[in-house]
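Here are my notes on the model you sent over. Have it open beside you as you read.

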Amino acid sequence: MRLRSDIFVSALIRRAETQGAVAMLRRRGAAEAGAIFVKLDRLDGRAAVYGPAPQSEEPPEGVDRLFAKVHAGDWLDPAEAEQRLKREIMFDPDLWIVEIEDREGRIFVDLAA
């Protein structure tokens, strides 16, 4: 059974903040099953956007959700990241957006291989 989205987001924000990053809820989605997107801002002109990994990716034991970059390349300009998030909202208005600001580039979620 999958953890509710609202609980997962709360835990993600707490995890990032306890490790010294700044994390905030930017958009509240469907509480039980809304897709979760994470914008990582390195505060140096580089950003990345992560979303749910394809369902063909099987999460390892003990991992609730896998994430993957939703864009090509390593980093985006923060304005490009915002445009990407706007397109995702147009496709799915029930999604969650968490923004993490971390100079080290830590994402605090499990990534697909």
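Predicted model: local features only at pLDDT ≥ 70, side-chain atom pairs only at ≥ 80, totals over all residues.

1. If you want a spot to look at, valine 38 has valine 98 of β5 as its bridge partner.

2. How many residues of β5 are buried? Five of the six are, so the strand is largely enclosed by the rest of the structure.

3. Step past β5 (96–101) and you reach aspartate 102, in the segment that follows. Aspartate 102 counts as buried because its relative accessibility is 4%, with the cut-off set at under 20%. Leaving aside residues up to four places away in sequence, aspartate 102 touches Ala21, Leu40, Asp41 and Arg42.

4. Now the pockets. The largest holds about 300 Å³ of space. Its lining has 15 residues, with Arg2, Pro52, Ala53, Gln55 and Leu66 nearest the centre. By class, that lining splits into nine nonpolar, two polar and four charged residues.

5. The second largest pocket has about 150 Å³ of space. Among the residues lining it are Leu3, Phe8, Arg15, Asp64, Arg65, Phe108 and Asp110. Seven residues of this lining are nonpolar, one is polar and four are charged.

Note on methods
Residues numbered from 1 in each chain as written. Heavy atoms only, no water. 1 Å grid on protein atoms, 1.4 Å probe; cavity = no way out; pocket = protein on both sides within 12 Å on 5 of 7 lines; lining within 4 Å. Points joined across faces, edges and corners; volume = space filled by probe spheres on them. Nonpolar A, V, L, I, M, F, W, Y, C, P; charged D, E, K, R; others polar. Helix = DSSP H or I, 4+ residues; strand = E, 2+ residues; numbered from the N terminus. Buried < 20%, exposed > 50% of the residue type's maximum accessible area, 1.4 Å probe, protein only. Contact = heavy atoms within 4.5 Å. Pairing = 2+ DSSP bridges.
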